[in-house]
Amino acid sequence: MKIYEDKCIGCENCIPYCAMNAISMVDGIAVIDQEECVECGVCLRVERCPVDAIYENEESNQWPRSVRKVFSDATAKHENTGVRGRGTEEVKTNDVTARFKRGFIGVALEFGRPGVGTKLKDVEVITEALAKEGVEFEPKNPLTFLFTDASTGKIREDVREEKVLSAIVEFVIPEEKIEKIFSLIQEAADKTETVFSWGLVARFDDEGNLPIVDKLEKMGFRVPRNMKINVGLGRPLREE
Amino acid sequence: MTHSLHRIGSSDNKQGDYVFISRPAMGINHEGCAPRIRRSLQIIFEVGPTNLGSLTTKENMALGLNPEEMISKMEDNSPIMCCFHDREKIKEVLTRLKEEDLGLSVVVTGEMEDVVELCREVGLKPHSAGISLGIYGKTELLPEEDVLCFTTMCGHAMVSAGIVKQMKESVKKGIMSSEEAANILSAPCLCGIFNNVKAQKMLDEECEK
């Protein structure tokens, strides 16, 4: 995103809308810091500029800067997945896809969330360690397309420095590997330059209980009660 | 993977906050399902969501979304995203969707015990759960929790800390009502899962402090 210097009247209306704090006043006009801008498009969409001075410049859609938009603008569709947003269908359709089966745990580490942002190279703090442990990253997740080779967890050279609102490291592990993998994630938390929101997907048992919660609490995690629950309305229903 | 999952706040202020997301599974049951998406939306609008949005049409209720127009533009892969502050309303939606057996997957985000009880009342069997383990790393980069309670209602981080702080200030100074401020805050969240009624309640509570 950019702001036409000759149009801006310096009203500052756009400044508070930027999640990355990338807009500031310079010599009486608003300027967007191109390093910090993640191309989310909020400043343009909220239409608070009284003179339409904000615009999407050509570079926003050119590689490698274009990855900023696909990982930050919720309305942008990923070419590789055809799905809008940064992630996958995950728990949303698990009753039909059975992507996360009993005995397995889905893990999502959303780097940059909430509202801090991340350079794509920052995910390597965990992806390289996970790859060494043989973890296979979710093939439908847009981030997986940006590894030089998913078996190394290394991000492509041309996009490493690109900043995005968030990028999700997503994978499935068997329950017996939970202690080992979670310990790697906790180690990564001490080394990262940003924040990450840590999410899991697990199955209910036939009695409507979530056995994983007890296990996590025994491991020392405080498990918030706010959860995203697939209520089993999808058809055809897959139970395995 | 975590669109509505990591909502920050005490259990108290999460009451009256239910996020509803429904979609087909791409490549499995999405082909030709636009009529079922439209029917689900008709049911939701008849019941009355707190907020609802669409990334397909890039609008939400705060931006003046027209339900009929929006419904007509739904495609086979369009997700349905909305929120409710009234438990009875989301219960009615789930009940009617179960009766019509439209076959789209549905997730409800809320307090686990409450959502499981909702499922029991409606006759549904909860299948899987997305669980948040919280925020890790350089948490000193985050704004205060009383700001995160607002910003995290948009899972895509379209609602900035800056506009939350400005709206709080405006309501405190009497420049605008909490309802107006909540609507301004909900506008950037095109998915429509920003619960403006909850936001209004939190703004009012701050003014009373």
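I was working on a predicted model, where local features need pLDDT of at least 70, side-chain atom pairs count only at pLDDT 80 or more, and totals for chains, interfaces and linings use all residues. Residues are numbered from 1 along each chain as its sequence is written, with chains lettered from A and ligands numbered from 1 in the order in which they are written.

I found five residues of domain 1 of chain A in contact with five of domain 2 of chain A (C-beta atoms, placed from the backbone, within 7 Å).

**Chain A against chain B.** Here I found 68 residues of chain A in contact with 67 of chain B. S11(A) gives the most to chain A's side, nine residues (strands are DSSP E runs of at least two residues, numbered from the N terminus). That side has 34 nonpolar, 20 polar and 14 charged residues (nonpolar: Ala, Val, Leu, Ile, Met, Phe, Trp, Tyr, Cys and Pro; charged: Asp, Glu, Lys and Arg; polar: the others, Gly among them).

**Strand pairing.** Next I looked up S12(A), which pairs with S5 (residues 105-111) of chain B in the antiparallel sense over five bridges (pairing needs at least two DSSP bridges). A:Lys228 has B:Thr109 in S5(B) as its bridge partner.

**B:Phe20.** Last, I checked B:Phe20 beyond its neighbours within four places in sequence: its contacts include B:Cys82, B:Phe84 and B:Val108.

Note on methods:
Two residues are in contact if their C-beta atoms, placed from the backbone, lie within 7 Å. Helices (H or I, at least four residues) and strands (E, at least two) are DSSP runs, numbered from the N terminus.
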